[in-house]
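Morning, everyone. Please look at the model on the screen while I go through it.

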Amino acid sequence: MTLAAVTEAKSVTETVAYIVVRDSVFGALLVLALTALYLLTVQLLRIQEKRVTDLQKLNERVEAREDSTRRLVDKMTEAFQQVKSSLDTLSRVGERQAEATDGNTEVLRKVEGTLDSVIREHARTAAHVAGYRRPTLAVESLPPKRGG
Amino acid sequence: MHLVALYRRLVGTDTATVVEEERLSRNLKGMALNNVELERLGAELDEILDEVDRTSSTNVSLPPEMKPHV
């Protein structure tokens, strides 16, 4: 009776000790897992915040670049419109200049013809006068006769 | 309480991440539009240069009376 009770008590004690040890190990593992989970969550939170910060910086840089590019596009568009307008004006001025050059050429041809006719008329007149006055001049150039 | 605050921070950072990613997507679309505009301006500049070449080649041709004698 005593031996059986002792044996049973020993068995119960071993069982209880086994359960205590097993639950203690599981409890420690659970605490370790929870601690690791907490640390991983904190690390995930830090990485997430850093990612948000990086995205904000990237967005600010992209927006600044986009604004500068948009201003550049606006300036280029305005400059191109001005260049096109200037080219149209230049083309019209070139056409008018060509017309004026043609008119000037025509006037110069008329002036040239008039000048040629004036020069010819003057030369003819000069030749006629020279031919008319030549004998007179020859007579006048002779020395006066004595006793005549 | 601390875990609740941690959870709220996690949710907040996740929401901020989504918002920033959408903002980045919009900005990238804007940059793509700007690139298209720049390409259009490049083509327009080519047209202007061609017109300048054409105009200069037609305006330089002077009549024979106006050409300098060499």
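**Where the chains meet**

Start with the interface: 28 residues of chain B are in contact with 27 residues of chain A. Contact here means C-beta atoms, placed from the backbone, within 7 Å.

A word on the source. This is a predicted model, where local features need pLDDT of at least 70, side-chain atom pairs count only at pLDDT 80 or more, and totals for chains, interfaces and linings use all residues. Residues are numbered from 1 along each chain as its sequence is written, with chains lettered from A and ligands numbered from 1 in the order in which they are written.

Now the chains. Chain A has one helix and zero strands. Chain B also comes to one helix and zero strands. Helices are DSSP runs of H or I, at least four residues; strands are runs of E, at least two.

Finally, confidence. The model scores ipTM 0.73 and pTM 0.63.

Key: Contact = placed C-beta atoms within 7 Å.
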